[in-house]
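Trainee: I am new to this model and would like a close look at its open spaces, one of them in particular.

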Amino acid sequence: MKYDICVVGLGYIGLPTASIFATHGKRVYGLEVNPEVVKTVNAGKIHIVEADLDVLVRAAVQSGNLVAGTEAVEADCFILAVPTPFQRGSSQVPAPDVSYIERACRTIAARVRPGNLVILESTSPVGTTEKVRDWILDERRKVGASPRKPATADLLFAHCPERVLPGQLLQELVTNDRIVGGLTPAATTAARRLYETFCTGEILTTDARTAELAKLAENAYRDVNIAFANELSLICAELKLNVWELIKLANHHPRVKILQPGPGVGGHCIAVDPWFIVDAAPRCTPLIRAARGVNDGKPRHVVAQVKAAAARHRAPVIACLGLAFKANIDDLRESPALEIVRELAAEKVGRLLVVEPHITTLPPVLARGGRVELVRLPEALRAADIVVVLVNHRPFLVVKKSALAGKTVIDTRGIWS
Ligand code: SAJ
């Protein structure tokens, strides 16, 4: 069977994208390396937490338009939605790791036919769409000359970065404006037509390299702005002022809109993507690099605050509320909350009770050593001497003041301020 679209990678972006195309009449195949994910999706279920995604995936699978599998198939269009992490290595600047994209390209290469459109959705360093083309053509050369082997000119390549916000992904997938940048004008046009299937936002066309940098710039912009808020929180701690009140007051100015400080910046995007720009242009990026430094330094500051509070107790019990990288999701990637709890456990600061409503078992990094317990909110609040808010999950917002009486509160998100 030939599909309209083959989406490679059924993660946070690939699964919703595959499902939305399927519910708009496209025959979609989800190519996924993890057989467990394939099984889950083919059963109409989901393996990630995202509001209403379960309903969308069920509808897509029940319609017969979405099928998942581990083998590459033929399709008119291939959408690459695999991770692009970074490697810390020994260098000062973490380097982007595009190996998942390369593997995805080599996996689909033998199935790509003349006239096909290959879209890179993964956030990528500038120039990656050109590499996608090169990897696919290289792999086709390796597998031997095929009678239907397409030359570069027969294939269309474009970068269409995803811009959706985890937590409100489904709505943003449809309504956000979309940037579409092809390696050729024909590729740009083909990609624009494809996204018009479901996208109600404006579709903005450009070239692939500009599209790549635009996506990185958006996330670096947010990182720099959060760093400003985090720096203000350090200044306020030093001067014994309330940063939340300060920001609220400053934001009454018609042209000031300061973001919120927190325990640090997490997730697989904002904490990662700015490094792709620094890596590409190290001499031009002192501001982006400094922002990364401020945000990456914030967990250490929180650990120091907790240690200072713990030193006032003989056998401190510390409740850490939240492990995810932000509110109301289950994603622990690059989570500052996780880093803080891991550090407190490593330093044996006290008995650590963690509340994370979106998980049922602790991640291995915390489970090792048995120093951290995953408990429910009432139990943690009852037992704790020190309560540390690391994530502003909904259930934490409604904690009554009386439940905190007599306890030391370190509220990194300002939910009780
Ligand atoms: N954060 C703060 N203070 C704030 C806002 C966020 O400390 O005022 C923290 C969060 O707690 C979290 C981190 O920053 O740890 C990132 O959260 P986020 O909500 O700002 O962003 P992400 O990573 O969930 O999603 C971002 C979005 N990019 C922008 O808003 C420019 C999203 O649109 C992108 O699609 C996504 O990255 C991505 O996949 O690149």
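Trainee: How much space lies in the second largest pocket?

Mentor: About 910 Å³ of space lies in the second largest pocket, where volume is the space filled by probe spheres set on grid points joined across faces, edges and corners. It is lined by 36 residues, and Gly11, Ala81, Val82, Pro83 and Arg333 are the closest to its centre. A pocket is an open set of points on a 1 Å grid over the protein atoms alone, with protein on both sides within 12 Å along at least five of seven lines; a cavity is a set where a 1.4 Å probe fits but cannot get out, and lining residues have an atom within 4 Å of a point. The model is predicted, with local features needing pLDDT of at least 70 and side-chain atom pairs pLDDT 80 or more, while totals for chains, interfaces and linings use all residues. Residues are numbered from 1 along each chain as its sequence is written, and side-chain values use heavy atoms, without hydrogens and water.

The lining of the second largest pocket divides into 17 nonpolar, eleven polar and eight charged residues (nonpolar: Ala, Val, Leu, Ile, Met, Phe, Trp, Tyr, Cys and Pro; charged: Asp, Glu, Lys and Arg; polar: the others, Gly among them). Helix α4, residues 99-108, gives the most to this lining, with four residues (helices are DSSP runs of H or I, at least four residues, numbered from the N terminus).

For context, the largest pocket has a volume of about 1,300 Å³. Its lining has 44 residues, with Leu165, Arg222, Ile226, Ile270 and Lys326 nearest its centre. The largest share of that lining, seven residues, comes from α8. By kind, the lining of the largest pocket has 19 nonpolar, 14 polar and eleven charged residues.

The largest pocket is the space taken by the ligand (more than half of its atoms lie within 2 Å of the grid points). Helix α8, residues 208-239, also gives the most to the shell around the ligand, with five residues. That shell divides into nine nonpolar, four polar and eight charged residues.

There is also one cavity of 30 Å³ or more, and the largest cavity holds about 40 Å³ of space. Among the residues lining the largest cavity are Pro161, Glu162, Asn176 and Arg178. Its lining divides into three nonpolar, one polar and five charged residues.

Terms used:
Helices (H or I, at least four residues) and strands (E, at least two) are DSSP runs, numbered from the N terminus.
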